[in-house]
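Let's walk through this model together, starting with some sulfur links and working our way to the core and the surface. Keep the 3D view open as you read.

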Amino acid sequence: MPSWIGAVILPLAGLLLSRPAGADVKARSCGEVRQAYGAKGFSLADIPYQEIAGEHLRICPQEYTCCTTEMEDKLSQQSKLEFENLVEETSHFVRSTFVSRHKKFDEFFRELLENAEKSLNDMFVRTYGMLYMQNSEVFQDLFTELKRYYTGGNVNLEDMLNDFWARLLERMFQLINPQYHFNEDYLECVSKYTDQLKPFGDVPRKLKIQVTRAFIAARTFVQGLTVGREVANRVSKVSPTPGCIRALMKMLYCPYCRGLPSVRPCSNYCLNVMKGCLANQADLDTEWNLFIDAMLLVAERLEGPFNIESVMDPIDVKISEAIMNMQENSLQVSAKVFQGCGQPKPAPALRSARSAPENFNTRFRPYNPEERPTTAAGTSLDRLVTDIKEKLKLSKKVWSALPYTICKDGSMTAGAGSEEECWNGHSKARYLPEIMNDGLTNQINNPEVDVDITRPDTFIRQQIMALRVMTNKLKNAYNGNDVNFQDTSDESSGSGSGSGCMDDVCPTEFEFVTTEAPAVDPDRREVDSSAARLSHSLLSGCLVCIVLALQRLCR
């Protein structure tokens, strides 16, 4: 027999002997694989018509195969792309939640501030006319600073509000005492009496508490939505390791190489592959869940005592109420300022003859909370918060659940009822290894993916740190504290931009004691006040003069 005949017959004999008993000719055909491979968009020129020896394969079992080296490389790259898309699609819900809700909340808060400023301006123009317009920059600056704080500016809310009331006192003090001339030093002395005199009643104290804790909660909540959005976007863009890519190829496309393109992976096999590939993402879960819990706590504050909508909508009425308090107490305020800062110089005759319009004393009707308007995008804060709370709860444990979400998809695995008819990584049979636990350290014995548990993903660790920092900010916001302005000199005090205390337990502002007030001599130099209170006769004389002056003012 010629030698070439033996060279042909012997391999054929070996091939036939390697087949299971009863195997037919169709089992050696790659027709089904060619059809599935072409459906993926690949050229059929790469694929043989019949099985070939598989010694060239680097990932799939080196048995008779329908895969060439080029096919294995292309299918390996395809498995990587499909995995990346799967993770993005599976995490779409959490990403879209943070993207859409951040946009909605940010739009709402910005429009709320715009509406509040416009409402105050309209009311005060209508009520006070030129008097307001000539001093409108005081109120414009208030809203400018509130907007700057909300957008991340370095603004201390308490200091900013104190400055607002001090400036307002200076302006109003001049309006109610037009018969006098006040220079800058005198007005500076006047502003120092804001806390002690309480010329605006209790409105500044209450408004400071309400504004600081509401703005801290609102800004921090939106910052939390931003961080959640960024973390979700970053983590959903996975970069599989070489070990993961090999495992993905073996699970998804080695059935093609074995002539079984329609056989899907066993469910437990899929879980072990995904747990190995997404081990670092699962480690994000603990910090992510703490972050979600903190977001939910602040959301509850936004619904209740820290509701920025209930603070900003009536802010024009509250400031107007403070102005009315100042008008009612103008005689006492003026007398005590004159006592502490000295007797001012008379104004020129022209100015002292000016009179304020009658509507300077206009009263406003009480604010009715039921009239709170719908603001941004046809919604209210309560509706926004209710919606976001439901979606935040659904996003808990999202990263450790990724393998389960991916592997329960019917297009991905054979399903729980097909344990004997699924691909186990070697053949169509039951998958026997146990399922690994979640997280990086638990993958040390993963039978499917080579995972280096000594080298955590630095990118994921950065996201964990970002969540940890944000969670700390949210916890502070829940207590009414702004971590950007924490008083590090006394950490135990918990002081910051807003104490978060309730109205009935917050300490009161400084009580007025005349001996503690700074004094200014006639040349406007500060000196110590030597009088604890005015004598009855001197006070009576001052009040008579002020009454006469105000009568001229209102004519």
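**Sulfur links, core and surface**

The link of C189 and C341 is left-handed, with -90° about the S-S bond. C189 lies in helix α8 (residues 184–191) and C341 in helix α18, so this pair ties together parts that are 152 residues apart in sequence; helices here are DSSP runs of H or I with at least four residues, numbered from the N terminus. The S to S distance of this disulfide is 2.0 Å, where a disulfide is a pair of cysteine sulfur atoms within 2.5 Å. C189 and C341 are each buried, a word that stands for under 20% relative accessible area, with exposed meaning over 50% and partly exposed in between (1.4 Å probe, protein chains only).

A word on the ground rules: this is a predicted model, in which local features need pLDDT of at least 70 and side-chain atom pairs count only at pLDDT 80 or more, while totals for chains, interfaces and linings use all residues. Residues are numbered from 1 along each chain as its sequence is written, and side-chain values use heavy atoms, leaving out hydrogens and water.

C60 lies in the loop between α2 (31–39) and α3, and C254 in helix α12 (residues 254–257), so the pair ties together parts that are 194 residues apart in sequence. That link is left-handed, at -95° about the S-S bond, and both C60 and C254 are buried.

The other joins C244 to C277, at 2.0 Å from S to S. The torsion about the S-S bond of C244 and C277 is about 110°, so this disulfide is right-handed. C244 lies in helix α11 and C277 in helix α13, so parts that are 33 residues apart in sequence are tied together.

Stay with α13 for a moment. Helix α13 (residues 267–277) is mostly covered, as nine of its eleven residues are buried. Among them are Y269, N272, K275 and C277. The cover over the buried residues of α13 includes α3 (69–90), α11 (242–252), α14 (279–283) and α21.

Now to the interior. In soluble globular proteins, nonpolar side chains tend to be buried together. The largest nonpolar core here has 138 residues, of which F105, F139, L146, W288, M312 and I319 touch the most other members; such a core is a set of buried Ala, Val, Leu, Ile, Met, Phe, Trp, Tyr and Cys residues joined through side-chain atoms within 4.5 Å. Helix α10 gives the most to this core, with 15 residues. Leaving aside residues up to four places away in sequence, I319 touches L120, F124, F139, L142, F164, W165 and L207, where contact means heavy atoms within 4.5 Å.

Finally, two lysines in loops. Most residues other than glycine have a negative phi. K198, in the loop between α9 (194–197) and α10 (203–235), has a positive phi near 50° and is partly exposed at 28% relative accessibility. K397, in the loop between α20 (381–394) and α21 (402–407), also has a positive phi, of about 60°. With a relative accessible area of 54%, K397 is exposed.
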